[in-house]
Amino acid sequence: MSLLRYEHWVVRKVLSWRIAASVACSIFLLPVCTAGFILLTRIDIFHPVQWISDAFSDLCTSCSVFCMLLMSVELVIISIFNCEFYTVVPSIPCSRLALIGKVIHPQRVIHSLVHAIMGMLVAWCAAVITKGEYQFLAVPCSVKQSSNGLSSKMCLNEYHLFLLLAGAFMGYTYSLWYFINNMNYLAFPAVQQYKYLCFRRSLKPLIKHSCVESLYLVRNFFIAYYSLGYIPRAWISTTMNLQRDSKMQPLDTLRALLDVSLFYHTWLCGAFLLAIWYVTWVLFKIYATEAYVFPIQTTFAEETDRCLPKVLSSCPPPVVKYLALQDLMLLSKYSSSRRQEIFSLSQPGGHPNNWTAVSRECLTLLNNLICALVAHQEAAAPNGRAAHASSSGESKQSSSSLGTSFRDDLASQIQRPNLIPRTPVPSLIKLSSSSLKSSSTQDLGSPFSSPVVNRTTAVLDPNSPWYGSVQSPHVMRRGPKLWTTGEDLQMNGSGLSELHPIPIMSIKKPGPPSAAYIWLQHRKEQIKNFLAKRILIMYLFSKHPEASSQAVFADSQTHIWALEGLSHLVAASFTEDRFGVVQTTLPSVLCTLLTLQEAVEKHFKLPHASCKPSRISGSLVDSSYKTLRFALRASLKTAIYRITTKFGEHLNAVQMSAEHQKRLRQFLEFKE
């Protein structure tokens, strides 16, 4: 997803300038990297003054300046590719075949080919700057053709060709690792720092990573050139009509590849290539993930789209959504004046529009995560049953539909606690029978009603044509049908005067399957068993143990920010909310947090879900997305404790189900 394709005002007026600044900084640092490369190519520790003076004189030559201009254009292209392929949600393949499909995607193949060409250009610049035997591709032949003198024919300089092919190999490998290691993933920092401090912190691992990775790439390229080096050498010689110098030993031999000077210059060229590309990549991430302060409210009507509640409630680009949630988390922690704007009422009207928009969006994210966990729990059940369609359908609904959309429809059903639902309720959100009886006597239209209770009670629809018949997990609740009587359409919240008989639909038993169907199923099982015995097929199709769990929590950074922002705002409302706007949604917030906590704990009981991968400290490539589920569980428990410790025993007055009250009591007594 390209940043340049969005027309959002944040992209045009904020992110575009940040990207331009990151490109300018990378180009500004290019002469510094080039100077370091020239110093290392002409090491002379016995004459340090002359060594340094010669290096800086070579840096100012027209050839070096032209090479730096060419590499500046390459850095601009690298930045464009970073903008084109960035993502805020990492891609986690669940099998090796999915990883192969991820790499051979047409757009990513183009990315790899372009990087191979740019790697060759950087290697050409490095060879020209190095001078000596690496400077030119075609050199005069040293073989005497006659007694009169040297021949005027040109021969192929294999050292120059070797560096060019090494640059193409490293550029292509960089592109592969760019997608395999999710280097296009923008990881937002947990602690905000100045850009200079962030870059200085990344500089040491950047240099170390470039040098070490270049060492491994040179080793692999030497092996590849030893096996296949004669193919490009013969092709270039034939295409450019260059002869082979018989006095020069071919480089695809073991003796030639053991040359220390060749190994050193190839490694230095690779380290230089990776360093300038990694500098561009690090600066892009630093500038793109910098926190942005959104206004909470404004007095000008034309600027309302720039306010934080409006940005959250709209459908902005993913990176803009992340920046908005990051700003919400920061203001809820550190800015008392901006929290007052969240708690304020609209003028005129006196409505808590800011708090309503912010809380609705946070609850939407958390309820979507609950539904995703329920669906994953059902799919990963030991008996192998598939997830219910109701669970997968609920994952696409917002929290407003979970908490408020059923209230009008359920007003006529809350007086009937003795109805037993026929449709099975997902195990993570079902309530006990006692909680259903207690919740049936409360007003579901009140702000203290629980969205979970509302959703559970919504199953008790006696007016549905499916009530009393054989139920299916794929049946969704529908509105009035053609056979609904007129008296049913006039029902209100005061109760039901009488029950009207609903016709029961008869379900015909399916006939026996045909012989062709049985034969096809039998052949299908035979093919499946045959392929399962092949080692290569099993290697490609076998699932990674933790991949499915990591994929569920791939976008959990937004959930973590929603938890922290919502909990800090609720805790601060105890002393700062003068109008009591938060108290109207406090039951919904508590029920959502407690339900999510139960869902997360049940998820961690699944196999491999609690296995924490080892995290390499000081690595340049960020792998924090692999441990997002652990960060979410810690943030969730901290968020609940933050609210319970602030409100204390006052939470006993909040109307919730018996099960939620029991779980809340565990947090109040610090037993969780």
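Visitor: Which span should the 17 residues of H12 have at 1.5 Å a residue?

Guide: The expected span of a helix is 1.5 Å times one less than its number of residues. For the 17 residues of H12, that gives 24 Å, and the end C-alpha atoms of H12 are 24 Å apart, so the two values agree. Helices here are DSSP runs (H or I, at least four residues), numbered from the N terminus. This is a predicted model, in which local features need pLDDT of at least 70, side-chain atom pairs count only at pLDDT 80 or more, and totals for chains, interfaces and linings use all residues. Residues are numbered from 1 along each chain as its sequence is written, and side-chain values use heavy atoms, with hydrogens and water left out.

Visitor: Which residues touch the most other members of the largest nonpolar core?

Guide: A nonpolar core is a set of buried Ala, Val, Leu, Ile, Met, Phe, Trp, Tyr and Cys residues joined through side-chain atoms within 4.5 Å. The largest one has 80 residues, and Leu328 and Leu596 touch the most other members. Helix H14, residues 353–379, gives the most to this core, with 10 residues.

Visitor: Which residues does Leu596 touch?

Guide: Leaving aside residues up to four places away in sequence, Leu596 touches Leu366, Leu369, Ile370, Leu373, Leu563 and Leu636; contact means heavy atoms within 4.5 Å. Another core, of 59 residues, lies apart from the largest one and has Ala35, Tyr134, Leu217 and Leu283 among its members.

Notes:
Helix = DSSP H or I, 4+ residues; strand = E, 2+ residues; numbered from the N terminus. Buried < 20%, exposed > 50% of the residue type's maximum accessible area, 1.4 Å probe, protein only.
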